[in-house]
Amino acid sequence: MMKKLLLASAATLLATAATAEDVKLGVLLGFTGPIESMAVNMGAGAELAIEEVNAAGTFMDGATVVPVRADSTCIDAAAATAAAERLITAEGVAGIMGAACSGVTGAVLQNVARANGIVMISPSATSPALSEAEDDGLFFRTAPSDARQGEIIAGIIMDKGIDNVALTYTNNDYGKGLADSFQNAYEALGGTVTISAAHEDDKADYSAEVGALAAAGGGILVVAGYADRGGAGIVRASLDTGAFDTFFFPDGMVSDGTTGKFGDEVDGSMGTLPGSDSPGAEKFAEVVGDAFDPTSIFAGESYDATAILLMAMQAAGSTDPRVYKDKIMEVANGPGEEIMPGELGKAMEILAGGGDVDYVGATAVEFLDNGDSAGSFREVVVEGGEFDTVGFH
Amino acid sequence: MDLLNAFVTLANFVLIPAISYGSQLALGALGVTLIYGILRFSNFAHGDTMAFGAMITILVTWAFQAIGLSIHPLPTALLALPVGIAATAGMMLLTDRWVYRFYRTQKAKPIILVMASLGVMFVLNGVVRVIIGPGEQQFNDGARFIINAREFKEMTGLEEGLAFRASQGITIIVTLVAVAALFWFLNRTRTGKSMRAYSDNEDLALLSGINPEKVVRVTWILAAILATTAGVLYGLDKAFKPFTYFQLLLPIFASAIVGGLGNPLGAIAGGYIIAFSEVILTYAWKKVATYALPESLAPDGLVQLLSTDYKYAVSFTILVIVLIFRPTGLFRGKSV
């Protein structure tokens, strides 16, 4: 309570010192729920970009950006919609960095963002369905669609010479979308998916699900689920019954939760997560320092999403979403001066002087016409109970 | 060899999971059936009583771990179990005092007691979540396996592995001990006999000088022992999460009703019937069939009757069928 009071009074002091008014930015992430272990560093990534812009002091003639956190829960569309409503009506945010999971992102986009004309940039919603969603030009994402991830996973598994796999996915937009895109791509490459079975999150026992997967068989098990929920239960039951001992973990499973629970029991398992080998990733690590783990999933995407929102406002000279939404493509795709993490202050100056920037950021962001990120992926392998990066796609 | 492989697969994915799950259900159903037989109402708070007992046991387990008390390779929770049981028994005696006794002395209809138990359920639901939180807790610190799948394969040279978790072994043994002790108590001791007499004919039992309050107290304590044991075993075997205990209510009631409410033998049989039906109907039989049948008959499909999502539907369906055709249950309990 004391801390909050202090922060509040500090914020008031800053506000009175600044010549322009404060700009509030919504940080709408799944702080509780299935991806809560990822959300910590995602929120930190977003706030890092804001701190950097504030420190430079060149944003909108010296305005201060204030992050306002809200919980999208990842799975509860009603709660996420209410949280987004609060951000817009009660807090008056100028834009939303979020939401985190695909299902709630779609709900917030259709029910809140379009209704209020607010720009959303999601750092982690990856369902292919969002590519075609009606968005009035308000929705962007810095994480690539799962359709792309599905293709890359299929390629990696095929390269390892594994031509039949069992597939299980969490029964929601994310899981189903990823599973479908993987299965299509894998079968096009000549592979066989022996079974594609949904699993529900939060059950106490997954031995029945694993029984079915084991009966179908397969070289490895692809687990398109969540590290803190059903995905972990499936892996546990598979290891216990000896049904599978090698897995493929798409991004939802690549987290400390997985290695913490299973350690070297899952050695040799593979995984993918959004990430690139562009110099931006290294720069981002430098900027982050010891504040949090810069390679943690979607942290860079969160930083980038926030930075792009702020740069677009700066380029448009306005915090009105209807005005600055048209600048988002320009600052992200260029042409102009390339901007790395840690150079947000410089970018703000260039934009203030009427120049152009091409934001590269931590994840080499490039938006497609539909607001999707073109996307690059990091391939990891579990080695000695840790995820090791082995390549980029 | 193929038949052996078929049997090992069957044991690994059907027999062992179903027997340990059935044991957990049987213990839960025994508690429900005891309360129904003697206090004459369906106690909806039973699932959350299991959660409460398991929660206390987990808290004590953490305390024991903190002071370095351990009975490795057995899980520390077994050591903490008596404390959990004592606390749960105390909690149940208090709820009886505060809630149920009022209705009992008024000779309220059973349905009123059922509704009161629903209220107790929601209170317990909240209490457990406030104290330990709604999240998942892993508290099994014992050895994980009696037989490990990989080692089994190497040992026997079979293609299929067999895993037998320590928690499953403990579940089965503890259930056997608990059930044997319960039947000994009910059939051989004076208190047990007076409980059965009270259950068979309340007025006659009162006339012969049986103290009803004592019978009620002992019933609650027995129910607490069974519920806490069932809850801890389930948590050890799977994971502790308040919500899953609430969900367990349906299969537990199905077990008790299928066996015949009020009949302890029926509760045990019901537990295993429900567990085996759930597992058998949702298991994909392809692998077993491929091993057991000649090659020409080997199936292409998964040979799965129901998707695993319909697990609870199985207990529901059995429940409905039994209620329609044999409302007193397989072992002639009381009609619902």
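Seven strands of chain A form an open sheet of mixed pairing in the order S7-S6-S8-S9-S10-S13-S14, where helices (H or I, at least four residues) and strands (E, at least two) are DSSP runs numbered from the N terminus, and two strands pair if DSSP finds at least two bridges between them. The edges are strand S7 (192-199) and strand S14 (386-392) of chain A, each of which pairs on one side only. Neighbouring strands of this sheet are turned by 25° against each other on average, direction ignored; axes are lines fitted to C-alpha atoms, for helices over the stretch in contact, and angles run from 0 to 180 degrees between N-to-C directions.

This is a predicted model, in which local features need pLDDT of at least 70 and side-chain atom pairs count only at pLDDT 80 or more, while totals for chains, interfaces and linings use all residues. Residues are numbered from 1 along each chain as its sequence is written, and chains are lettered from A and ligands numbered from 1 in the order in which they are written.

| Strands | Bridges | Example of bridge partners |
|---|---|---|
| S6 (164-170) and S8 (220-224), chain A | five bridges | A:Ala166 and A:Leu221 |
| S1 (23-29) and S2 (65-71), chain A | seven bridges | A:Val27 and A:Arg69 |

Together with helix H2 (residues 36-56) of chain A, S1(A) and S2(A) make a right-handed β-α-β unit, the crossover being right-handed if, with the strands pointing away from the viewer, the path from the first strand over the helix to the second runs clockwise.

Helix H7 (residues 207-216) of chain A lies across S6, S7 and S8 of chain A, at about 175° to S7(A), whereas helix H8 (residues 230-241) of chain A lies across S6, S7, S8 and strand S9 (247-249) of chain A, at about 160° to S8(A).

In chain B, helix H2 (residues 46-66) and helix H3 (residues 76-105) pack at an angle of about 135°, with their axes 7 Å apart. H2(B) and H3(B) are therefore oblique to each other, given that angles under 35 degrees count as roughly parallel, over 145 as roughly antiparallel, 65 to 115 as roughly perpendicular and the rest as oblique. The residues of this contact divide into 13 nonpolar, eight polar and no charged, with Ala, Val, Leu, Ile, Met, Phe, Trp, Tyr, Cys and Pro counted as nonpolar, Asp, Glu, Lys and Arg as charged, and the others, Gly among them, as polar.

The contact between the chains takes 25 residues from chain B and 16 residues from chain A, two residues being in contact if their C-beta atoms, placed from the backbone, lie within 7 Å. On the chain B side, the largest share, three residues, comes from H1(B).
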